[in-house]
Number of protein chains: 2
Amino acid sequence: MPFPHDATLADAGEFGLISELVALFPQGEHVLVGPGDDAAVLRVRNGHVVVSTDLLVEGNHFRRDWSSAEDIGHRAAAQNLSDINAMGGRATSLTIGLAAPADLPAAWALDFARGFADECSLVGASVVGGDLTRSDKVVIAVTVLGSVTASPVLRSGARPGDTLALFGRQGWAAGGLAVLGRGFRSPKVLVDAYKRPEPPYDAGRVAAEAGATAMIDVSDGLLADAGHIASASGVAIDVHAAAFDIAEPLQAVGAALGADPLQFILGGGEDHSLLATFPDALAVPTGWLRVGTVAEGSGVTVDGAEYDGPTGWTHF
Amino acid sequence: MPFPHDATLADAGEFGLISELVALFPQGEHVLVGPGDDAAVLRVRNGHVVVSTDLLVEGNHFRRDWSSAEDIGHRAAAQNLSDINAMGGRATSLTIGLAAPADLPAAWALDFARGFADECSLVGASVVGGDLTRSDKVVIAVTVLGSVTASPVLRSGARPGDTLALFGRQGWAAGGLAVLGRGFRSPKVLVDAYKRPEPPYDAGRVAAEAGATAMIDVSDGLLADAGHIASASGVAIDVHAAAFDIAEPLQAVGAALGADPLQFILGGGEDHSLLATFPDALAVPTGWLRVGTVAEGSGVTVDGAEYDGPTGWTHF
């Protein structure tokens, strides 16, 4: 490093730090020009590019006293890669904007970048560009590009008679967040699920190939995200509470906090599990859990009735 | 509007405001799926996609008491579109992340979006996605995608013997910023140049077709950005001070502030003028001003000597 180990961003200087950061990001073969010019240059084939963007704001989406820089890097990448997963696509390229206080340790930024790069390596995507600037709190802006070979799976394709199915852990991150919010650090498996979600990156393409009619990644909350499918598709969705296995750590947290553990599953986001609809129950691929049904109408119900627990996350 | 005229973001609610914002962004024919799904879907042809990202932080890159929301929208779009211009490309698609305080007037966000959309319409680019979330200060994250038909023009192609040339107003935004910083509002033409830069959007492609060997948009400062070309290309650049016409408003500000007006031109950024090198003086297209020469060596000089004024912007 061209700056001392305990340097701040101000000590390290923008250009010194950027060259250290860039060195952490290997470039795929499709990247003709990586970070360092006015823009990156990517080779694309005829077809469709999918693109999505997300902001993470310190104190709102993450806390530096709860999560390590590396955890936050993993999570910032994961939640964006997951959006491409939910289209049935393959993520190829990302950009990162990092705004941070001048007294932030440069090591924090480097650890963040390491975590981000590690998460991207799980799907073979490259960090092709970015921006680094000053702000009072850490703000992370990520944009992800991906390719879709078949038709992308939208939120709007669910039809009456479809089966609703879920892939991946659901409610674990919410359980972990509830634990952290009360000042506890265990069950560690839930806290870890919050800090480093593990989106099922291959499940999106498998669902697309199996004929999924609609798909979304669960980031606002299972019922809230089911609601996004319902409203985009113009259908009603009924979720079956008995379909969910309530994992032992969620039962433990429910008992400790005096809460119904089902609320973590139905209201929790940020595990980046996938929720999709399939034209019939037999089309649901292996590993997906059938959790509901699609009918004519509108809105989301649980076992036929309105749910009176928390249904998800609002940003304001 | 589904919310009162004087509503805050918190009053308007995330989803109500998003639908109002999305309505302000017309979608080009290449946009198969626009805002509202997990990701946008864009049609691309075989070739190269260029991508760039920028953050704008309140108090650092803009002040809400100096610039209207619409001005800030124009500027946020302009500085990103300019990066594609500097590659010799054509901007096609942008994403916006907006983090803002819950008590920000919803009208501010809508005016910002109007300014952003207006600037994008100058080049026919579409806003295809975004994210809206809460933060203490306004932070704007923009990513822009573009296409390049010929070879993109990088920073690294300048060769000894090349001619350095400039296209567009240069130093006006810096003059306007200096004026605002002293509490004045005139010369209005400079203040307006700061609030709403007017990047020469067609000049990048013209330069690429004319065989430009290197190109950059002036955003850090003319000498600083010449330095980026020099270091990426492994050459020395000499800038000729006498080449610049010092416009009357810059002379007036220099006299009023007791400053050499040349320092706005040499040190100023944010006009998003273009600086490029051409293999010989005759290759420089119409409208470009020849401002220097490229030689073997390294670094940037002014009339053969090190420049002792401000050379540009540092972020930390």
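1. Helix packing in chain A. In this predicted model, helix 5 (residues 172–181) of chain A packs against helix 9 (residues 248–257) of chain A at an angle of about 35°, and their axes are 10 Å apart. The crossing of helix 5 of chain A with helix 9 of chain A is left-handed. On the side of helix 5 of chain A, the residues involved are Gly175(A), Ala178(A) and Val179(A); they meet Pro249(A), Leu250(A), Val253(A) and Leu257(A) of helix 9 of chain A. By class, this contact has 6 nonpolar residues and 1 polar residue, with no charged residues.

2. Overall dimensions of chain A. The secondary structure of chain A consists of 10 helices and 12 strands. Along the principal axes, the C-alpha atoms of chain A fill a box of roughly 60 × 50 × 30 Å.

3. Domains of chain A. The domain assignment divides chain A into domain 1 (9–148) and domain 2 (163–302). The C-alpha centres of domain 1 and domain 2 of chain A lie 26 Å apart. Their contact draws 17 residues from domain 1 of chain A and 16 residues from domain 2 of chain A. On the side of domain 1 of chain A that touches domain 2 of chain A, helix 3 (residues 69–85) of chain A gives the most, with 9 residues. The residues of that side of domain 1 of chain A divide into 7 nonpolar, 6 polar and 4 charged.

4. Strand 9 (residues 236–239) of chain A runs parallel to strand 12 of chain A, and 4 bridges join them. Within this pair, Val239(A) has Val302(A) in strand 12 of chain A as its bridge partner.

5. In chain B, 6 strands form an open sheet with mixed pairing, in the order 8-10-7-11-9-12. Strand 7 (residues 163–167) and strand 10 (residues 274–278) of chain B run antiparallel and are joined by 5 bridges. Leu166(B) has Leu275(B) in strand 10 of chain B as its bridge partner.

6. Contact between the chains. In the interface, 58 residues of chain A are in contact with 58 residues of chain B. Strand 3 (residues 47–57) of chain A supplies the largest share of the side of chain A that touches chain B, namely 10 residues. By class, that side of chain A has 28 nonpolar, 17 polar and 13 charged residues. Strand pairing also links the chains: strand 2 (residues 40–44) of chain A pairs with strand 3 (residues 47–57) of chain B in the antiparallel sense over 5 bridges. Arg43(A) stands opposite His48(B) in strand 3 of chain B.

Terms used: Residues numbered from 1 in each chain as written. Chains lettered and ligands numbered in written order. Predicted model: local features only at pLDDT ≥ 70, side-chain atom pairs only at ≥ 80, totals over all residues. Axes fitted to C-alpha atoms, helices over the stretch in contact; angles between N-to-C directions. Helix = DSSP H or I, 4+ residues; strand = E, 2+ residues; numbered from the N terminus. Left-handed = near helix turned anticlockwise from the far one by under 90°. Contact = placed C-beta atoms within 7 Å. Nonpolar A, V, L, I, M, F, W, Y, C, P; charged D, E, K, R; others polar. Domains from an automatic or database assignment. Pairing = 2+ DSSP bridges.
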